Structures are given as C-alpha cells and as structure tokens.
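Work through the exercises below with the sequence and the 3D structure at hand.

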Amino acid sequence: NIKDGQLSVAPFSIESQLGQAKVTFILVEEQVMNVAKLEIDAKNLALGKFYDMASTYQGIGALQGNLHTKGKSLSNLYANLQGKAIGRYVNQEHKHATKIVLTRPDPKTSAAPFDVAIDGELQKVPYKITGEIGGPLALIDDQPYPATAQLTFLNVDAKAKGTIASLFEAKGFDIDVDARTDNLGKLEKTLDIGLPALKKAQVTTVFRGDYSLLKFEHIKAKTSNARLSGNIDVDVRENKPKIIGNLDIGQFDWAGIQKEMTRAKKAKSGKAQKNTKEKKSALTETLSFSALHDFNMKIKLKAKNNGDINIPQFPITKLTTDLVVANSAFSVSQLNIESPMGSVKSDFKIDAKGKVPVVAARLKTDDLDLEQTGADNEEQLFWNAVAGVDLSLRTQGDSLQYWLESISGVVTINYQQKQTSNIYEFQLARQAQKVGTATPVSVRVNSKIGETTFLGLGSVSAPHSW
C-alpha cells in the first residue's frame, strides 16, 4: 500500500522447502528522510535441506529480526541500519543447540561494525564466540573489511583477526589465528579425539582462501616438548575434501613427552589395577576407520636437522615420509629414518574399503650399530653390537590383538666382546600365521666362547600375549 508518502507491505508469509517465515516491512517518507522498519519471524526451518550435507548439519533452525534505519538515500539506509537479529539452530542427532546474535547499536559512524555473539555446546560442554564484523556498507561492497573473533571453550582460548572480502560469498579470507590451551589432556578427556595428555600447547596460522579452497599458511604448533610447522590446503571443490600439505618437525623430545603423559595418567588414575584394565581393553578394543571414507589427503612430513627428534637410545638425524589417505585407505608411505646407528625403512597401510580393514606393514633395517646407544653406559663400551630387523604384517582385523597375532619375520642381534673373540648371536623368528592362531616365536641363541660353540633353541609365547 502507498498512502500519504508511506509505503507499507502487509505482513506476509513465505513458504519453501526449508519452512515458513513471516515478514513485515514498512518504509515511511518523512519531510527530512526515509524511515524503514523490517521484522522477520521464521521458525522450524529445516536447515539440513539447505546444506544437503552430512547428518551433522541436519537440524531445525529459527530466525528472528527487528531492524530499522533512516536516511535520504539507499547508502544512508544501509549505513544507519541498527537493531538485532537472532538465529537458533538445534542439531537433531546430538541435541546440541546453537544461538547466534547479530546486533548493531545506534551507529556513530557509517563504518560501525556488527557485534557477533555465538553460544553453543560441543560434547555437552558450552562454548562462546564473540567478535565484530564489518558494517552494512562493508558487507555489500567488494572491498575487504575487518573481522575479529574470540573463542572460549573449556581451557582453550582462540583469537582471530584479519579481513574478509565477502562474508555472504565466503571468499577472500585473510585472518591470523592464535589458539592455546594449558592442558591438552583435558580436551582429550572431554572430546575423545586422540590428543596426547600434554600440558601447554599453542597453534598459530594464517587462514586464507574461500569456501572452496582453504589455505592454512605459516602453521606453527608447539608444546613444551615438540614443534611442528608447515602449510596445509583443504580443497572442498570435489565430493571428498582433499588435504595437501607439508609439515616439518622442528623438535620432538620423546622422553619429555613420555614423562608428561605418565604424570597425567598417574594423576588421572592413581591405581595400578585400573591402568592394567585400560591397557587390556585397548588391545581388544574395536578400531574404527570410517573417517577414511570422507576425505583424501597427502601430507609430506620431514625432519632434516640433527637433533630435531630426540628418542632415547635412538638418535635420529633425518626422517621423511608421506601420510596419504586415498580410496578409503590410510598409508604411511616410504618412511625413511637415518641415524648414527644405521637406517630404518618402513611402510604401513590400512585399507578400509571392505567391512573389515586390511592391514599391511613392513619394517626393515640395515645392520644397526647398537654401540651408539651405550655412549653413557660403561658396560656397553666393552661390546660391539649389531642388530638386523625384517618384520612384516598382513592381516584382516579391527583390533590390535588381530594385528599382533599376524606379525612374522626375523630379528637378529649380534654381540662381540671387544677384549676377546667371544661372539653371541640372538635370533627371534616367526612365520606368517593365520588370524586367531597363537603360534609362538622361535628363539635361537648361537655363541662362540673361545674355541667352543654353544647352540640353544627354544620358544616364547605369541606376540599378542606379551
């Protein structure tokens, strides 16, 4: 209706496959300027139909808004927009509720931003995101506009600051991210996502790209005993997201990490009996690899600086490998490790295309000079020791016990006493076995002391019982 300089649209309803919405709009032409009001009330929106994605997005949403503005021109109307819009979303599968509030008080300038507040929960633990995003004029222009955000979840604090070219088109992101926590173990206990029980951790990165190609550049992740850096791209233009990246190990102190994890376990349990039960259940627990169906990945991992990786009794000077997910299979491909003791080569693959995963692995070493491990051990200095390993695994199974049952190969260790010609050779061997068998490991001890040779033969129980 148009009457006496006032344009009004009677309240009307919109129906779509998402649901229904009620809209009220009024534009009044006053003597000095135009005054516009907009009200929106939408309930029971089937957001899953909009996203058309995984079940995580299946849910019911609602939108309420009460916005008003005034101005002589369209740009004035945009610049002076103020009010509040509230969105609500309920995940039907996990019963999680999320509330998004977008507010803009009476703007002092045309560039005044919107305030954003998001309240939700993850694994029944609440989280909160607050921040600012460019004003109305910035949102409709093609020029990048500033954006900030801060996340609080458990003991995690994350901050983001940068620019966005277009929020509605989800493109042109250039944002610095800094996330840190004082206890990774607390996150692991809540989310159960395989994080190590370490103390302080921090991750920084620059997030660039758009909704179809996400770039995480200058990644720096660190704990008190480890450092990791690199770049990762996430390409979502195809049916399966594809992750490509390069990561460099700057530090990895295995002894320090073990100490932290041991302290965390003692603090958590305090009872040796409980720890024993946990280890036993971990051996027979069914492992799930369903996530391998959902994405592809190729990440090159390397450490080339001497001293980057500190593993007691096994110093590493170089490590390279490819971590690959393709066709529902995960593989650690062409793992090469170099050490003053010798070199280690290995491959590992889990193929989850079928109902039961197929596991294949190979571990082979050149003659490892074990004398290198005894630099701080006076007794070791009186021996020359060399070890050779050739182990393989191929089985179908979804637990560690199945895998251990199928290990086969040979481990040989040769000791020679420096002051004499005495030689000792120890060999463990096991042939390829069928799943479910408990064939023991054969043991062979061959020694030469002076001019006399001794031979001992025996066996020990199957590896999974160890």
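**Exercise 1.** Determine whether Leu247 is buried or exposed, and find which residues Leu247 is in contact with.

Solution. Leu247 has a relative accessible area of 12%, and because buried means under 20% relative accessible area, exposed over 50% and partly exposed in between (1.4 Å probe, protein chains only), Leu247 counts as buried. The residue belongs to strand E16, where strands (E, at least two residues) and helices (H or I, at least four) are DSSP runs numbered from the N terminus. With neighbours within four places in sequence left aside, Leu247 is in contact (heavy atoms within 4.5 Å) with Leu228, Ser229, Gly230, Ile232, Ile299, Lys300, Leu301 and Lys302.

Before going on, note that this is a predicted model, in which local features need pLDDT of at least 70 and side-chain atom pairs count only at pLDDT 80 or more, while totals for chains, interfaces and linings use all residues. Residues are numbered from 1 along each chain as its sequence is written, and side-chain values use heavy atoms, with hydrogens and water left out.

**Exercise 2.** Describe the largest nonpolar core and the elements that give residues to this core.

Solution. A nonpolar core is a set of buried Ala, Val, Leu, Ile, Met, Phe, Trp, Tyr and Cys residues joined through side-chain atoms within 4.5 Å. The largest one has 30 residues, and Phe314, Leu319 and Ile337 have the most contacts inside it. Among the elements that give two or more residues are strand E15 (226-235), strand E16 (242-253) and strand E24 (383-396), while E17 gives the most, with four residues. A second, separate core of 10 residues includes Ile133, Leu139, Ala147 and Ile175.

**Exercise 3.** Classify the aromatic pair of Phe289 and Trp403, and explain which parts the pair ties together.

Solution. Rings of Phe, Tyr and Trp (its six-membered ring) pair if their centres lie within 6.5 Å, and planes under 30 degrees apart count as stacked, over 60 as edge-to-face and the rest as tilted. For Phe289 and Trp403 the values are 6.4 Å centre to centre and 20 degrees between the planes, and the pair is stacked. Phe289 lies in the loop between helix H6 (272-284) and E17, whereas Trp403 lies in helix H7 (residues 400-405), so the pair ties together parts that are 114 residues apart in sequence. Both Phe289 and Trp403 are buried.
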